[in-house]
Amino acid sequence: MAESRPRVWVSQPLFDDIVDQLRAHCDVETTQAVTRYTSTDLAEKLASLEGALVTLNERIGAAEIARAPRLRAVANVGVGYNNLDTAALGAAGIAATNTPDVLTETTADLGFALLMATARRITEAEAFLRAGQWNTWSFTNLLGADLHGSTLGILGLGRIGQAIARRARGFGMRVLYHNRSPLDAKVEAELGASYVSFDDLLSGSDHLVLVVPYTPAAHHLIDAGALAKMKPTATLVNIARGGLVDEVALADALANGRLAGAGLDVFEGEPTVRPELLALKNVVLTPHIGSASLATRRAMVQLAVDNLLAALGFGPDAGRPPCLVNADALDAANAGGATAGDTKTTTIKR
Ligand code: GLV
């Protein structure tokens, strides 16, 4: 009897010509409309699938996979994967993957764009012009801060943080960073970046950019206390995840002259943005577009398709998805043996 083809679902409109590669091996369901799914919607969808290609909009954990005995792989189109409970997926024998590297430079570009726009008050200046307020050229209007010659703080000197540090060198900036532990001295020297404590990063930066992954432990890392340690002339840019920043405390600091400006691409409750932030002039707001260049978004979808096919046992990387993020949890589940009624057949090789 011929083996049935795996059923996979693509949760959002992506690029059809790339997604179509899945059809060589799988029965594929796609959607033409950007859709918000509830937990119940997702649980219903996943129940009959072997694989899913999802974006950061879809939160998938124990509840969503509870009725999905055949599900073997969830491929996230994004480098951050805090929308996936990777431990719960791994424990159920489901591979979880992400799309690192292909978006590094594009996201660093956006980080730098926000640094510049925030320091030089670009959107505020444009709004001023569009509102017809530019009646006479004023020497002292819309004064901002310099990037060149200033000190850039990078919280999270990973791939994207390092790409921002390389850009900062071109601007003659001094670069400070904080990670859980310092990087190799050779890497530091190449980037011209100096390791400092979290508090010294806050107090020493003229411009601070957040590039750390969001985890529950990093929730509100930038709270009222952290903001109080920053220079009142400083700017803060967040291109990682909204949950890193206490937005109420941030809006308060911005409204009361305790921080000069902020550039935000990510929000705690996105796509909802707090009215307190929307009301402020000294914030540059973009709708989570860090990786949004055509070439990079296409590369991310290609990598997610490659990951999904490999996790389902197809293609050159069959059984070895290039960007597996829950290897340990899968190993532990494999060591524990298959669960009763398990209909999964592919083992991830390591
Ligand atoms: C976007 O935020 C991503 O994680 O790729």
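## Tour: salt bridges, then the ligand

Select E124: this residue is buried, at 17% relative accessible area. Keep in mind that the model is predicted.

Next, pick K45 and E29. Their side chains meet in a salt bridge at 2.5 Å, N to O. K45 sits in helix α2 (residues 39-46) and E29 in strand β2 (residues 27-29), so this pair ties together parts 16 residues apart in sequence. K45 is partly exposed, at 26% relative accessible area. E29 is partly exposed too, at 29%.

Move on to K229 and D199. Here the salt bridge spans 3.4 Å, N to O. It links distant parts of the chain, 30 residues apart: K229 belongs to helix α10 (residues 224-229), D199 to helix α9 (residues 198-204). Both ends are partly exposed, K229 at 40% and D199 at 36%.

Then select E105, D109, R166 and R167 together. Salt bridges with shared partners join them into one network. In total, the structure holds 18 salt bridges.

Finally, centre on the ligand. Which residues surround it? Show L56, G78, V79, G80, L103, R241, H288 and M300. This shell comprises four nonpolar residues, three polar and one charged.

- G80: a backbone N or O atom at 2.7 Å.
- R241: a polar side-chain atom at 2.7 Å.
- H288: a side-chain N or O atom at 2.6 Å.

Taken alone, the ligand exposes 190 Å², and the protein buries 88% of that.

Methods. Residues numbered from 1 in each chain as written. Predicted model: local features only at pLDDT ≥ 70, side-chain atom pairs only at ≥ 80, totals over all residues. Heavy atoms only, no water. Near = heavy atom within 4 Å. Polar contact = N/O pair within 3.5 Å; in protein donor to acceptor, adjacent residues only side chain to side chain. Areas by Shrake-Rupley, 256 points an atom, 1.4 Å probe, with all protein chains shown as cover. Nonpolar A, V, L, I, M, F, W, Y, C, P; charged D, E, K, R; others polar. Salt bridge = Lys/Arg side-chain N within 4 Å of Asp/Glu carboxyl O. Helix = DSSP H or I, 4+ residues; strand = E, 2+ residues; numbered from the N terminus. Buried < 20%, exposed > 50% of the residue type's maximum accessible area, 1.4 Å probe, protein only.
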